[in-house]
Amino acid sequence: MWHYSKYFFMGASFKDKLVAILTENGFEEVELTGPMNALEEAGATVHIVSPQKDKVKGWNHDHWSIELPVDTNLSDAKPEDYDMLVLPGGVLNPDKLRQNKEAVLFAQHFLEQAKPLAAICHGPQLLIETGMLDGRTMTSYWSVKTDMLNAGVNWVDKEVVVDNGLITSRSPEDLEVFNKKMIEELIEGQHATRGQFTQSK
């Protein structure tokens, strides 16, 4: 089992790193708690950001599961305050977020600024709404493949894909390598922006 101890990363400091996990009700439980625990174990500070006011409810396979406190309501959250964005999946969660203009604009900031952005399973659905995926190499849950291709994505069937700070994985089975790459990209920080990836269509 991979361990994300801050001591492993050759002196890399996470104490000033602030990460947003953007979610709605219906996130797949392990796709939020897994990355959150890995980031906190590495020493980063993690905020759950949501359109929900006080708490957000998870989904576990085929039933509702845990409730987690919301640290910052989306209307009050400033994307420029965060070093990384994480988008968990779940069928319900991304479908709600992609209909929320505030959520789309929040995610768009990370693509525009080439900040690390990690999305797993159905999570990349929100990013389609930014109009900024044309030419990116990504993966996702298989059922989202056609939507990704229609958005201009070079879709590949791999456990994790990294493209200029954009980290994507297919499913909870990929979480270990997803979390590892996510933390590596947080160490690297903001990337140089690249032409077509910094403007929406």
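Mentor: Start with I21, whose bridge partner in β3 is I48. The model is a predicted one. The two strands involved, β1 and β3 (residues 45-50), run parallel and are joined by five bridges. I21 also has a bridge partner in β7, namely V86. β1 and β7 pair in the parallel sense too, over three bridges. β7 and β8 run parallel and are joined by three bridges. Strands of a sheet pair through backbone hydrogen bonds, either parallel or antiparallel.

These strands belong to an open sheet of seven, in the order β6-β3-β1-β7-β8-β12-β11, and its pairing is mixed.

Helix α1 (residues 29-42) touches β1, β3, β7 and β8, and its direction makes about 150 degrees with that of β3. Helix α6 (residues 175-188) touches β1, β7, β8, β11 and β12 (166-169), and its direction makes about 175 degrees with that of β12. α6 has 14 residues and spans 20 Å from its first C-alpha to its last, close to the 20 Å expected at 1.5 Å a residue. Its buried residues are L175, V177, F178, N179, M182, I183, E185 and L186. An α-helix has 3.6 residues a turn, so residues three or four places apart point the same way. The cover over the buried residues of α6 includes β1, α1, β7, β8, β11 and β12. Just after α6 comes G189, with a positive phi of about 80 degrees.

Next, the nonpolar packing. The largest nonpolar core has 29 residues, and those with the most contacts inside it are L22, L85, L87, F106, L117, L126 and L127. At least two residues of this core come from each of β1 (18-22), β7 (84-87), α3 (101-112), β8 (117-120) and α4 (125-128). With six residues, α3 gives the most to this core. A second, separate core has 28 residues, including L32, A38, A44 and V160.

α3 has twelve residues and reaches 16 Å from its first C-alpha to its last, close to the 16 Å expected at 1.5 Å a residue. At its start, a side-chain oxygen of N100 comes to within 2.9 Å of the backbone nitrogen of E102. A103, V104, F106, A107, Q108, H109, F110 and L111 are buried in α3. What covers them includes β1, β7, α2, β8 and α4. Leaving aside neighbours within four places in sequence, F106 is in contact with A20, L22, L74, A77, K78, P79, Y82 and L85. After α3 comes A114, whose phi is positive, near 55 degrees.

N93 lies in helix α2 (residues 92-97). It counts as buried because its relative accessible area is 0%, and the cut-off is under 20%. Not counting residues up to four places away in sequence, N93 touches T23, E24, N25, G26, F27 and P88. One of these, F27, is 66 residues from N93 in sequence, yet their C-alpha atoms are 5.0 Å apart. R136 sits in the loop between α4 and β9 (137-138). R136 is also buried, because its relative accessibility is 3%. The side chain of R136 reaches the backbone oxygen of D163 at 2.5 Å.

Finally, there is another open sheet, made of three strands in the order β2-β4-β5, with mixed pairing. β2 (27-28) and β5 (63-69) are its edge strands, each pairing on one side only. Strand β4 (residues 55-60) pairs with β5 in the antiparallel sense over five bridges. Within this pair, W59 stands opposite W64 in β5.

How values were computed. Residues are numbered from 1 along each chain as its sequence is written. This is a predicted model: local features need pLDDT of at least 70, side-chain atom pairs count only at pLDDT 80 or more; totals for chains, interfaces and linings use all residues. Side-chain values use heavy atoms; hydrogens and water are left out. A nonpolar core is a set of buried Ala, Val, Leu, Ile, Met, Phe, Trp, Tyr and Cys residues joined through side-chain atoms within 4.5 Å. Buried means under 20% relative accessible area, exposed over 50%, partly exposed in between (1.4 Å probe, protein chains only). Helices (H or I, at least four residues) and strands (E, at least two) are DSSP runs, numbered from the N terminus. Contact means heavy atoms within 4.5 Å. Two strands pair if DSSP finds at least two bridges between them. Axes are lines fitted to C-alpha atoms, for helices over the stretch in contact, and angles run from 0 to 180 degrees between N-to-C directions. A polar contact is a pair of N or O atoms within 3.5 Å; within protein, one must be able to donate a hydrogen and the other to accept it, and residues adjacent in sequence count only if both atoms are side-chain atoms. The expected span of a helix is 1.5 Å times one less than its number of residues.
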